[in-house]
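Hi,

Here is the structure I promised to hand over.

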Amino acid sequence: MAETRLFPSERCAGFFGTKRFDRRKNADGRSVKSIHATTVNGNGVNPGMEDILAVAEQTGIGKA
């Protein structure tokens, strides 16, 4: 699990934050490199319920 913390706020109890998993520092220690990530079915957009159910069916989740 990534590093997490609660950031204080004057508007509310605070904001939850987590260290990003898709960014790494380059060898120079300053610039940041993005790491490729994809969605559940690889179509490049956030999955809808149909996408999630299709993946579940293909993996056999929920079958007795």
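**What I found**

The protein has 1 helix and 4 strands, where helices (H or I, at least four residues) and strands (E, at least two) are DSSP runs numbered from the N terminus. Going from the N terminus, the order is β-β-β-β-α.

Before you dig in, some ground rules. This is a predicted model, so local features need pLDDT of at least 70 and side-chain atom pairs count only at pLDDT 80 or more, while totals for chains, interfaces and linings use all residues. Residues are numbered from 1 along each chain as its sequence is written, and side-chain values use heavy atoms, with hydrogens and water left out.

**Confidence**

pLDDT is the predictor's confidence in each residue, from 0 to 100. It averages 79 over the protein, and 83% of the residues score at least 70. Strand β1 comes out highest, with a mean of 92, and β4 (residues 32–34) lowest, at 75.

**Overall picture**

Of the 64 residues, 8% are buried; buried means under 20% relative accessible area, exposed over 50%, and partly exposed in between (1.4 Å probe, protein chains only). The accessible surface is about 6000 Å², with 56% of that belonging to carbon and sulfur atoms (Shrake-Rupley method, 1.4 Å probe; for residues, only the protein chains shown count as cover). As for contacts (heavy atoms within 4.5 Å), take those between residues at least 6 apart in sequence: 0% of them join residues at least 24 apart.

**The N-terminal end**

Met1 sits in the segment before β1 and counts as exposed because its relative accessibility is 96%. Its C-alpha lies 9.3 Å from that of Thr18, 17 residues away in sequence.

Thr4 belongs to strand β1 (residues 4–7). With 36% relative accessibility, Thr4 is partly exposed. Leaving aside residues up to four places away in sequence, Thr4 touches Phe16, Gly17 and Thr18. There is also a C-alpha separation of 6.3 Å between Thr4 and Lys19, which are 15 residues apart along the chain.

**The helix**

Helix α1 lies largely in the open, because the number of buried residues among its 11 is 1. Met49 is part of α1 (residues 49–59) and is exposed, at 58% relative accessibility. Together with Ile52 and Leu53, Met49 makes a nonpolar surface patch of about 320 Å². Just after α1, Gly60 has a positive phi of about 85 degrees.

Cheers

Terms used. Patches are made of residues with over 30% relative accessible area and no salt bridge: like charges are joined within 9 Å, nonpolar side chains (Val, Leu, Ile, Met, Phe, Trp, Tyr) within 5 Å. A salt bridge is a side-chain nitrogen of Lys or Arg within 4 Å of a carboxyl oxygen of Asp or Glu.
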